[in-house]
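Dear colleague,

Please find below the structure that I am handing over to you.

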Amino acid sequence: MPTKYRLLVKNASQVVVICSNGEKYLQKDAVQNLCVVDNGSVVIGCDGLIKAVGPSDDVQAEYPEELFEKVIDATGMCVIPGLVDAHTHPVWAGDRVHEFAMKLAGASYMDVHRAGGGIHFTVEHTRAAAAPDLLASLTARLGRMLRAGSTLVECKSGYGLELETEVKMLEVIEKARRSLPINISSTYCGAHAVPRGKTVAEATEDVLRVQLPALRRRITAGDLRVDNIDVFCERGVFDLDATRAILQAGRDMGLHINFHGDELHPMNSAQLGAELGALAISHLEEVTDEGIAAMATAKTAAVLLPTTAYILRLPQPRARAMLEAGLIVALGSDFNPNAYCCSMPLVMHLACVNMRMTMPEALVGATINAAYALGRSDTHGSLEAGKHGDLVVLNCRRWEHLIYQLGGHHEVIRYVIIKGSVVHDNDNILAF
């Protein structure tokens, strides 16, 4: 009998569907009530899409094993959706490990920035780097993220600050998108910092008059796919007026607004984003109550980055206040030379311990809500029929072990699957 389906994952102790009624995000009480199927199975078709999820007896009665190219017996294991990392900066050159010692000695983010480090150090090295070298390092970093369970990753430019290097970075991201199994959401972040020797006004004009028009031409020609636009809205970087102008221009090109806001100072970035219809705002360590309320009303997702607050010793984002206000709370690793973390399981752990999120809230933040923050919750973030067959099989009977075991994801994750194909098989682990 010819095969008709790509993959059957059967007899899992738990299949964590997340939500089952086509929800694009979860908020308030719904975040605590995850949809979980006990003793469940998942069917993925040859098109890479989920065809069925449910109790194993029901699924296997309708879908005999001989119809599948591959069958995974997940007895004693759990299945969760592939994790979504909603904020990363993975394309760069230059080692900044020396800055970690400066931070440990008390230097702030802006102290490092003013001393010639930070973004400007990375810009210098990234401008000088050859595209094949940037692609090689990006491929290795995305591989680490995938092995930690991430199947959809947002990838930013932003270490060029001028047209040539920003395009080089976006081309590298595009090559990775086309050649690697991991799903990528591409973000133009040419307003990541004000280039040396330029004023804010000059940098803004360059983005508006030079960089964005050139990107529009490349996108229209089909050479590049860019999904989002980002600006670092911060005191000493891009102010509210400059941020507004750049984000509006990107929105007019069809890009999702997804930007850095209210990280180091309360800039009223949240209110600006809500006004502009932003899909998401990241950081928000210094967001005001008024900003939280505005984002909740606008359905603008908050992408919280617990690694950044941890490494920079910043105040933790007020996740509990956001959740109680009905915000759509997502999570990201903020992987970059300043916060070198490829692991969404570690991010979820920090979110629970330092931001006082519950484990269901953290898993929602790393699945359906992170997908929403990237405009992808119609295809990713939950295990529902018609969505991409992206999932992680855990070698444990309860899914919470992925968060509970600090630094233990390498042993907990058994398989990572993208569109029904096993892209990571970790067969050297012991059951818990």
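Which residue takes a positive phi in the hairpin of E2 and E3? It is Gly48, with a phi near 85°, and this hairpin has four residues between the strands. Please note that this is a predicted model, in which local features need pLDDT of at least 70 and side-chain atom pairs count only at pLDDT 80 or more, while totals for chains, interfaces and linings use all residues. Residues are numbered from 1 along each chain as its sequence is written, and side-chain values use heavy atoms, with hydrogens and water left out.

Strands (E, at least two residues) and helices (H or I, at least four) are DSSP runs, numbered from the N terminus. Two strands pair if DSSP finds at least two bridges between them. Strand E2 (residues 35-45) pairs with strand E1 (residues 5-18) in the antiparallel sense, over nine bridges. Within this pairing, Val9 has Val42 in E2 as its bridge partner. E2 also runs antiparallel to strand E3 (residues 50-55), to which five bridges join it. There, Val43 is partnered by Ala52 in E3.

A second hairpin

Strand E15 (residues 413-418) is mostly covered, as six of its six residues are buried (under 20% relative accessible area, with a 1.4 Å probe and protein chains only). E15 pairs with strand E14 (residues 391-394) in the antiparallel sense over four bridges, and Leu391 stands opposite Ile417 in E15. Four bridges also join E15 to strand E16 (residues 421-425), and these two run antiparallel. Tyr415 has Asp425 in E16 as its bridge partner. The hairpin of E15 and E16 has two residues between the strands, and Lys419 takes a positive phi near 50° in it.

Two helices in contact

The axes of helix H5 (residues 131-147) and helix H6 (residues 163-179) come within 9 Å and cross at roughly 50°. Axes are lines fitted to C-alpha atoms, for helices over the stretch in contact, and angles run from 0 to 180 degrees between N-to-C directions. H5 and H6 are therefore oblique to each other; angles under 35 degrees count as roughly parallel, over 145 as roughly antiparallel, 65 to 115 as roughly perpendicular and the rest as oblique. In H5, the residues that meet H6 include Leu134 and Leu138, and those of H6 include Val172 and Ile173, where contact means heavy atoms within 4.5 Å.

Yours sincerely

How values were computed:
Buried < 20%, exposed > 50% of the residue type's maximum accessible area, 1.4 Å probe, protein only.
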